[in-house]
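Please walk through the helix packing and the model confidence of the structure shown here. Keep the terms and their cut-offs in view.

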Amino acid sequence: MQVEKFYYDNRIVRAFGYATVIFALVGMLAGLWAAIQIYYPAASLNFAATTFGRIRPLHTNAIIFAFVGNASFAGIYYSLQRLCKTRLFSDKLSWIHFWGWQLIIVGAAITLPLGLTNGAEYAELIWPIDIAIALVWVIFGINLFGTIIKRREKHLYVAIWFYIATWITVALLHIVRSIELPYSLTGSYSWFAGVQDALVQWWYGHNAVAFFLTTPVLGLMYYFLPKAANRPVYSYRLSIIHFWALIFIYIWAGPHHLLYTALPDWAQSLGVVFSVMLIAPSWGGMLNGLFTLRGAWDKVKEDPVLKFMVVAITCYGMATFEGPMLSLKSVNAISHFTDWTIAHVHIGGLGWNGFMAFAILYYMVPKMWGTNLYSKKLAANHFWLGTIGIIIYAVPMYWAGFEQSIMWKSFTPEGQLKFQFLETVTNIKPLYILRSIGGALYLVGAFLMVYNLYKTIRQGKFIANEEAEAAPMIKEQAKKKEYWHRVLERKPVAMLVLSLVLVAIGGLIEIIPTFLVKSNIPTIASVKPYTPLELQGRDIYVREGCYTCHSQMVRPFRDEVVRYGEYSKAGEFVYDHPFQWGSKRTGPDLAREGGKQTDSWHYNHMYDPRSMSPGSLMPQYVWLLDNKLDTSSTAAKIRAMQTLGVPYPKGYDKIANTDLMHQADSIANNLKKDKIESPSNAEIIAVIAYLQRIGKDIKAAPKQPMAVNQ
Amino acid sequence: MKFIHYIEKVSHIDIFGMISLSIFFLFFVVMITWVFKTNKKQFNEISRIPLDN
């Protein structure tokens with residue numbers, strides 16, 4: 001058989017590699033800034049765009065999609081060509097993919113600080129960008145599957161299955177999470193509400209971890225670790241088993257983010273059970289990786305690539321043991337809303353994702369420039385700075401998480417709560433400082449990498465198109481009349497399209513009916529839709545990212561009921577598009593905030609939190625007092641809510657603003673009585689209206705008279 | 001939208017659950033059987049794919 005000569009495209013890998021490095025630094029700097037703001041709120045510089053609530057989503061999106069995303073594309077495009085023994089399907093598509101993705105990132109960098117957000121974690125980007133993501137993802141898919149079809153190596157090596165699973169599932173996740181109804185060019189409401197929105201969100205959020213942060217990186221591990229160690233993976237059999245088990249089980253784990261919340265019990269239990277089962281396939285991956293180095297541990301001493309990979313895989317194992325443990329309800333009762341969650345996330349993020357990205361960069365750059373790494377010593381220093389940085393990040397956060405949780409739950413012998421919420425925060429301030437030192441060390445290590453790679457590039461010569469040759473794949477001829485499925489197996493495109501159609505049918509059958517049902521039976525009769533003013537206030541709450549520090553979910557624990565009030569019921573959230581239960585309590589829970597403070601307390605608190613709560617870490621929200629509320633959007637928002645099933649009266653959108661101004665005037669009057677002058681159309685009035693409404697409705701439930709004889 | 005009320009109202013919903021569980025279980029039994037029946041030599045060849053480059 002005649003061998004064919006062809007060339008691997010290194011240019012596209014280089015482009016994604018540069019983007020990876022740039023956004024690694026951007027994302028980590030954003031993280032460091034957010035971390036500093038938690039103990040030094042003035043670091044927000046008192047601009048709306050740079051407050052924690054807006055910088056945090058910038059950090060998460062930059063790290064997940066810009067840093068890990070670009071690293072995965074770089075690694076996938078590098079390894080896929082070589083595993084398939086062919087050049088990428090289309091150079092043109094490769095570049096549209098690259099520039100499309102970077103434009104999306106730029107879009108995120110502009111919109112997030114402006115407060116244009118969906119208020120859903122890791123799905124904050126507004127609907128026009130959501131559409132762009134879908135388009136770019138399709139282009140990536142065409143390139144991915146086109147390359148696989150063009151391949152000269154018949155067998156699809158395990159790494160490629162991980163890439164395929166990533167592509168399919170991220171497409172599904174993105175579509176479902178992005179089912180939203182726009183009310184303007186830059187705003188939309190989630191089609192789901194309350195409990196449903198929470199379930200969709202954490203089905204999405206956990207599977208974003210699974211299929212954006214885990215499966216592509218496992219695929220990369222299965223290519224780059226054998227290459228770096230120059231030995232095959234420990235057990236191919238194990239890779240088959242753990243691949244299928246992982247992708248089956250991971251999808252169900254989402255509810256572990258919602259334990260002890262208003263999510264129905266059966267869903268919580270499913271999440272717990274599947275999360276615990278997930279230990280097995282995850283550790284299958286870890287063991288396969290680590291055992292590949294059996295008998296070759298001396299190489300780890302010499303090679304920085306292997307150093308990073310060993311710690312990465314170990315952190316993966318740690319995080320995938322800790323995660324299932326955190327999914328147990330008894331453990332979750334302690335950890336939820338605390339910094340323990342943050343510690344867990346960053347073991348995985350800094351250890352697994354960060355270190356794997358560094359490892360593949362250190363591997364690919366010398367190879368693509370035809371030289372050796374400029375300095376192994378510098379890389380080793382990066383390794384140690386990063387590893388120590390991870391430890392100094394995580395340990396204080398574990399401590400903070402435990403301590404704060406124990407303090408929340410402490411009662412005096414007389415049966416009263418021992419600590420005010422604020423005390424539990426100021427108490428862990430030193431640990432927040434330590435954490436930012438850990439993060440800073442990690443960042444310094446990354447800068448060392450940039451220098452090292454730069455010097456490597458300088459001393460080498462870039463190989464834009466790497467020569468290779470291989471025999472073409474033998475086209476299997478049908479020997480005799482074949483079973484129909486066998487025919488299909490040789491036609492991968494037909495197979496793919498058919499599979500997608502089948503999956504789509506099932507998905508559509510399940511989803512469409514849930515939108516067609518018109519009646520919306522409230523579980524709790526006294527729960528009513530938000531007034532127009534409260535709706536505007538709520539959207540400001542979402543805009544400012546208040547949910548990143550404040551939860552709205554009182555769990556059925558004695559200490560929470562005593563501290564906040566009646567625990568949260570599912571029926572209270574039926575009109576919440578999007579839900580705002582939150583994941584973290586840097587500030588107190590707000591689920592029963594309505595009526596707890598006067599309107600003027602809220603005014604003063606937003607102007608300067610420390611005037612009402614000395615020692616508070618909350619930033620100042622002065623612009624709320626100055627900004628004029630944009631009431632031109634009220635009608636569109638009411639109509640959108642009506643479409644989503646919220647029972648505003650027909651035609652209410654035309655008169656909504658009248659009610660809005662009425663309510664705003666009465667709040668302004670309340671403020672006046674406390675000697676605060678504020679125009680009725682200031683944004684703060686809307687925010688106060690919203691805050692004063694949260695959690696009040698169930699307190700208004702009328703006592704049912706005993707029915708005697710009807 | 002009460003999610004759980006839809007599930008309750010679908011007729012024979014319990015059978016669907018049973019079918020899904022069976023598919024899940026059967027798939028894994030078949031896969032594990034196949035994995036352990038396939039001979040070692042084939043796996044050794046396949047795991048060398050990234051290295052023969």
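The crossing of H1(A) and H13(A) is left-handed. Left-handed here means that the near helix is turned anticlockwise from the far one by less than a right angle, and right-handed means clockwise. Helices (H or I, at least four residues) and strands (E, at least two) are DSSP runs, numbered from the N terminus. This is a predicted model, in which local features need pLDDT of at least 70, side-chain atom pairs count only at pLDDT 80 or more, and totals for chains, interfaces and linings use all residues. Residues are numbered from 1 along each chain as its sequence is written, while chains are lettered from A and ligands numbered from 1 in the order in which they are written.

Stay with this first pair. H1 spans residues 11-39 of chain A and H13 spans residues 339-368 of chain A; their axes come within 11 Å and cross at roughly 140°. Axes are lines fitted to C-alpha atoms, for helices over the stretch in contact, and angles run from 0 to 180 degrees between N-to-C directions. H1(A) is therefore oblique to H13(A). Angles under 35 degrees count as roughly parallel, over 145 as roughly antiparallel, 65 to 115 as roughly perpendicular and the rest as oblique. On the H1(A) side, the contact uses Val13(A), Arg14(A), Gly17(A), Thr20(A) and Ala24(A). Their partners in H13(A) are Ala357(A), Leu361(A), Met364(A), Val365(A) and Met368(A). Contact means C-beta atoms, placed from the backbone, within 7 Å. By class, the H1(A)-H13(A) contact holds seven nonpolar, two polar and one charged residue. Ala, Val, Leu, Ile, Met, Phe, Trp, Tyr, Cys and Pro count as nonpolar, Asp, Glu, Lys and Arg as charged, and the others, Gly among them, as polar.

Next come H5 (residues 158-177) and H6 (residues 194-229) of chain A, whose axes come within 8 Å and cross at roughly 160°. That angle is why H5(A) is roughly antiparallel to H6(A). This crossing of H5(A) and H6(A) is left-handed. Residues in the contact include Phe162(A) and Tyr163(A) of H5(A), and Phe211(A) and Phe212(A) of H6(A). The H5(A)-H6(A) contact has 17 nonpolar, five polar and one charged residue.

The crossing of H7(A) and H9(A) is left-handed. Among the contact residues are His242(A) in H7(A) and Asn288(A) in H9(A). Seven nonpolar, six polar and no charged residues make up the H7(A)-H9(A) contact.

Now two single residues. Lys596(A) sits in the loop between helix H20 (558-564) and helix H21 (599-607) of chain A. Lys596(A) counts as partly exposed because it has 16 C-beta neighbours inside 10 Å. A residue is buried with 20 or more other C-beta atoms within 10 Å of its own, exposed with 12 or fewer, and partly exposed in between; C-beta atoms are placed from the backbone. Lys596(A) and Lys696(A) are 100 residues apart in sequence, yet 9.7 Å apart in space, C-alpha to C-alpha. Leu103(A) belongs to helix H3 (residues 91-111) of chain A. Leu103(A) is partly exposed, with 13 other C-beta atoms within 10 Å.

Chain B has three helices and zero strands. Buried residues are 8% of its 53 residues.

How far can chain A be trusted? Its mean pLDDT (the predictor's confidence in each residue, from 0 to 100) is 92, and 93% of its residues reach 70 or more. Where pLDDT is low, predicted coordinates should not be read in detail.

Terms used. Contact = placed C-beta atoms within 7 Å.
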